[in-house]
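Please open the structure in the viewer and keep the selection panel at hand. The stops below proceed from a helix packing to the aromatic rings.

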Amino acid sequence: MTAAVPAAGQTARTRRLAGVGLIATLAAMVVTTVAAALARAVGVDFAVPAGGEAIPLPGFAVVTGFFSVVGVVIAAALLRWSARPAERFLWTVVSLTAISLVPPLLCGANAATIAALVGLHLVAAAVLVPAVAWSLRARVD
């Protein structure tokens with residue numbers, strides 16, 4: 001059995017999405033890590049009782065990068081199999097972002113850490129989601 005080969009336009013859109021997704025992922029990683037460093041500078045300790053230790057700054061970049069790549073993979077799947085990939089992507093990532101706000105609220109950290117973690121989730125989404133959604137809407141002629 002052979003897999004269907006996507007049309008040239010589909011390939012170009014997928015390449016554009018991959019490029020935009022990579023740049024947006026790197027930007028989200030940098031912005032989130034800088035925001036975490038700023039929060040730490042003003043006194044947020046990022047100590048999560050469940051693990052007993054503070055979240056290290058590189059941890060923010062790694063987790064942001066991982067979940068951003070997951071978002072780009074979801075976008076690529078929707079681009080391939082959905083008639084309305086941008087709309088489906090937005091519904092999906094808004095739902096996933098809302099779900100991602102639950103663990104910080106339940107982790108037992110202090111109020112400053114919880115507020116910072118929720119804010120960092122929203123910062124990462126604010127960087128990645130518009131760029132990827134734009135890429136899904138862009139036409140390749």
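**A helix pair and its aromatic rings**

Select Phe60, Thr64, Ser68, Val72, Ala75 and Leu79 in α2, which meet Leu117, Leu120, Ala124, Leu128, Val132 and Leu136 in α5. The residues of this contact of α2 with α5 comprise 10 nonpolar and 2 polar, with no charged. The model is predicted.

The crossing in which α2 passes α5 is right-handed.

Now turn to the aromatic rings. How many aromatic pairs are there by the ring-centre rule? The count comes to 2 aromatic pairs. Select phenylalanine 46 and phenylalanine 60: the ring centres are 4.8 Å apart and the planes stand at 65°, so this pair is edge-to-face. Phenylalanine 46 belongs to the loop between α1 (8-41) and α2, whereas phenylalanine 60 is in helix α2, so the pair ties together parts that are 14 residues apart in sequence. Colour both by accessibility: phenylalanine 46 counts as buried at 0% relative accessibility, and phenylalanine 60 is buried with a relative accessible area of 7%.

Finally, select phenylalanine 66 and phenylalanine 67. Their ring centres are 4.9 Å apart with the planes at 85°, so this pair is edge-to-face. Is phenylalanine 67 buried or exposed? At 53% relative accessibility, phenylalanine 67 counts as exposed.

Methods: Residues are numbered from 1 along each chain as its sequence is written. This is a predicted model: local features need pLDDT of at least 70, side-chain atom pairs count only at pLDDT 80 or more; totals for chains, interfaces and linings use all residues. Side-chain values use heavy atoms; hydrogens and water are left out. A crossing is left-handed if the near helix is turned anticlockwise from the far one by less than a right angle, and right-handed if clockwise. Helices (H or I, at least four residues) and strands (E, at least two) are DSSP runs, numbered from the N terminus. Contact means heavy atoms within 4.5 Å. Ala, Val, Leu, Ile, Met, Phe, Trp, Tyr, Cys and Pro count as nonpolar, Asp, Glu, Lys and Arg as charged, and the others, Gly among them, as polar. Rings of Phe, Tyr and Trp (its six-membered ring) pair if their centres lie within 6.5 Å; planes under 30 degrees apart count as stacked, over 60 as edge-to-face and the rest as tilted. Buried means under 20% relative accessible area, exposed over 50%, partly exposed in between (1.4 Å probe, protein chains only).
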